[in-house]
Amino acid sequence: MTKPRWVGSALGGVVLALVLIGGSQLYAAWGGMARDNLASQMLINAIVVVGIQVYIGNTGVLSFGHVGFGGVAGYAFAVAVIPPDRKATIIGNAPFGLADVHVGHLAGIVAAIVVALAVALLVGYALVRSGARAGAVSATVITLALLFLVHEVAVNWTDLTGGDRAGLSFPVGGALDSLWPIAAALVGAVVVARLFATSTTGRLAKAAREDDLAARAMGINPATAQFLALLVSVAIVAVGSSLRVWELGTITPRFFFFDYTLLTLTMLIVGGRNSVTGALAGVVVITAGNELTRYLAGPDVDIAGLGWLLRDGLSDIFLGGAMLGFMLVRANGLLDDWELDEALLRRWRTRRQPATDTSTSTSAAAVPVDPIVLRADEITVEFGGFQALERASVHAASTEVVGLIGPNGAGKTTLINVITGLVPATEGRVELGDHDLTGLPTHRVARAGVVRTFQNLRLFGALTVRENIEVAALAAGRHRPGAPRPSTDELLALAQLWDLRDRRARELDYGNARRLELARAAAAAPVFLLLDEPTSGMSDSESLAMIDQVRATAAAVGAGVVVIDHDLGFITGICDRITCLDQGAVIADGTPADIQADPHVRAAYLGA
Amino acid sequence: MTQLIQQLVDGLGRGSEYALIALGIAVIFGVMHLVNFAHGELITVSAYTSYWLFSAGLGWWAMAIGIVVSSVLTSLLIEFVAFRRVRGAADFTMLLTSFGVHFVSQALFVMYVSANVRNFNRPGWVTDVVTVGGVRFEVFDLVTLGVTAVTLAGTVWLLRRTTFGVSLRAAAEDFDAARLMGVRSDRVISGAFALAGLLAGVAAVFVLMRTGRASPTAGLTPMLKGVLAALIGGLGSLQGAVLGGFALGVVEVLLLARLPTAWVGLTNGIVFVLIALLFTFRPGGLLGDHRVERV
């Protein structure tokens, strides 16, 4: 890439925000005051929705709490900015001497950000601990709890908030009546959102959104990415909420409760939660729709016989109906993950396929790096009373291909799961060289260099083929010095996926998807590739081709291979050595020829 | 001591409502992997049904039957109109679909039925009190507990002894496998919604006898409490849902009775914080399974 990626995103963000601001001002220029207000409210809503998008879009976690964060920020802003003589009449007894505090608007917004971020640290910790991931219910309930808690505290802590009757209001003439702060904040919010989405953290978060388990197996720690997404997102929401309070000139608890949550979430969902452009499109569509329903329900319209249908409350039906309708028919919204700047930049980017020579170094042994040994020693795993593994040991050098075979239920996948930290071992140790991997979480095992694939393909479906590989490379731990590290383009070519590089991974057919999974694992700078049934569901000729594919890929990154498979032609064709498991224990270990001749192995397979 | 017993019984009575609603939510979650945030709409519909029946001059026996029937029918209707279309969709889609149903239904009631609260008479005995050994019990709590016990026993029998119940539990265990074994998914899912509607209907009878009012948001709080109870117990666990319901009821009553007056307004908030803490440290809930995802 000649130009850094972020320049395009930032420029795209500026363009997007300016289009929205310009459009709204044109519209406002037609009408009078009312449209002025509508335009500035729409732009403020856009800031809040873009903020929410940063979290929901990048992590896939459904949050009802962002408006709660907005409430915290809104009160912080109001308390900081409203002059003391005004506060004396509403909240004269404010705690912590807050009644005497008086700062400028900019400082007030900073204070709002700081206070909201402090709450976000707590909530973020709870979300991480609860195992938040795309669609997780406990995470949604935690955010819902925040929304209710903020509302209740605002209603009850009248010394600070003025309660739910009067609320806090600015002195007459104190409300915001200039477009500039809003416009500046919107440009900033959109640029930050686009930069975050294309940053390393943002892309790792999106990978985890698509498949939490696969992301961890590539060395991504979803918790870190989600936590950062939350902080960025809350900061933007805090700015938008402060402006909302400033523009309205007042705040009461219900301003930041269910109604506003429904409005902002519907905007995000309808436009497309996975893209910033979509979030802004949703803001426009819903604002326009809301105006239309208000007009239809108003006194100006009297369509014969429909009066009973069109009345107050129509806009609530419109919002709820839009949310429900899109979920039923087009769950990813109008634009899904389409981004304006990406679509423009794709036109400029042209690329040539790099030359790859897969004929050389077809054996992993050709790599001139000191071999490292992966060793799983005396592993025992008990599930309840069932012993899945009984003192099973397997070892492999990073210069060899080791097969793991055995009848169904022998414990092969469990052994891989123990090595990669998905299943805790009751007893035993896992070591890579002199590095102890026992009990490490999955993403740390992957970063240490042990990268796996899955029996049931787990690609990052909504990401493109190229992005799948790029993300794994981003997540990779520090690389072994001396080991080869092919570029994304080279891996694409090696996996014969060059022509499909801009397709979404979920659109690939089975064979291509398998090769992509292999290439993705190779991109994560592996010392070892652990492959769980790479040929399952393949025809004989396809699995023979897979032998070369695996060897070439392992050679290209200088990794050893441990492979589980049921296809004996594949296993004997690819392995230097085979370990055979039966009922949780190792019953044989040796060259493919030894194993084929071994009476125990035959007995296990034939059930004799 | 007598005060504590009184509060415990009171809490269990309140918890009965939560337990019945939560059990329905857990049953639906079992077959569809859907957390039904629209479950409260059954209560809202029931509330207006009882208002209309009351206005028509009917007594509480007829109202109770009407409530249960309307709850079952509404449950089936919601499944047919909305949830059938998102079967097997991403968790995010299903979560928001149920919220969407809730918002639309609430708006429809506000617009076309009534934005105002409608009141109807509560049965005369709701406020009666009996004293046993110096402890005052509310008759209403005792009746609620008794009927809930019978309903739960009936549900256990249904789940254990009938073909439908076995298919439902099989589907909750492993939906695909159950389908391969000949369980008909449409029937099991509709059945689950009907059962959930029935349980919510019984709960609604008590909720409405206690409050005597119908409003577009009548179902919101019971729904939230039911979802929370199901989550406290551990989603997917039927016993957990019932346990969670009772636990939630008792904790709420104890908080209400023992918090300093200035804090009573924050009861719900405190309950929410407790629950958030529970999820933070035990994401699977009290009885939730901690099964590792199969790979």
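This is a predicted model: local features need pLDDT of at least 70, side-chain atom pairs count only at pLDDT 80 or more; totals for chains, interfaces and linings use all residues.
Chain B is built from 11 helices and 4 strands. Its C-alpha trace spans about 55 × 45 × 40 Å along the principal axes. The radius of gyration of chain B is 19 Å, which agrees with the value near 19 Å for a compact globule of 295 residues. Among contacts in chain B with a separation of 6 or more, 77% involve residues 24 or more positions apart.

Chain A is assigned two domains, domain 1 covering residues 5-345 and domain 2 covering residues 365-606. The C-alpha centres of domain 1 and domain 2 of chain A are 44 Å apart. Where they touch, domain 1 of chain A contributes 16 residues and domain 2 of chain A contributes 21 residues. On the domain 1 side, α9 (200-210) and α10 (212-217) of chain A are the elements that give two or more residues, and α9(A) gives the most, with 6 residues. By class, this side of domain 1 of chain A comprises 7 nonpolar, 3 polar and 6 charged residues.

Chain A also contains an open sheet of 6 strands with mixed pairing, in the order β8-β9-β10-β5-β11-β12. Strands β8 (450-452) and β12 (585-590) of chain A stand at the edges; each has a single partner strand, so one side of each is left without a neighbour in the sheet. Neighbouring strands of this sheet are turned by 20° against each other on average, direction ignored. Strand β11 (residues 577-582) of chain A runs antiparallel to β12(A), and 5 bridges join them. Within this pair, A:L581 has A:V586 in β12(A) as its bridge partner. Helix α16 (residues 412-419) of chain A packs on the sheet and touches β5 (401-405), β8, β9 (528-532), β10 (560-564) and β11 of chain A. The direction of α16(A) makes about 145° with that of β9(A).

The two chains meet in a contact that takes 42 residues from chain A and 37 residues from chain B. On the chain A side, α5 (105-129), α6 (137-156), α12 (258-271), α14 (314-329) and α16 each supply at least two residues. The most is given by α6(A), with 12 residues. By class, the side of chain A that touches chain B has 25 nonpolar, 13 polar and 4 charged residues.

Terms used: Residues are numbered from 1 along each chain as its sequence is written. Chains are lettered from A and ligands numbered from 1 in the order in which they are written. The radius of gyration is taken over C-alpha atoms; the globule rule is 2.2 Å times the number of residues to the power 0.38. Two residues are in contact if their C-beta atoms, placed from the backbone, lie within 7 Å. Two strands pair if DSSP finds at least two bridges between them. Axes are lines fitted to C-alpha atoms, for helices over the stretch in contact, and angles run from 0 to 180 degrees between N-to-C directions. Ala, Val, Leu, Ile, Met, Phe, Trp, Tyr, Cys and Pro count as nonpolar, Asp, Glu, Lys and Arg as charged, and the others, Gly among them, as polar. Domain bounds come from an automatic or database domain assignment.
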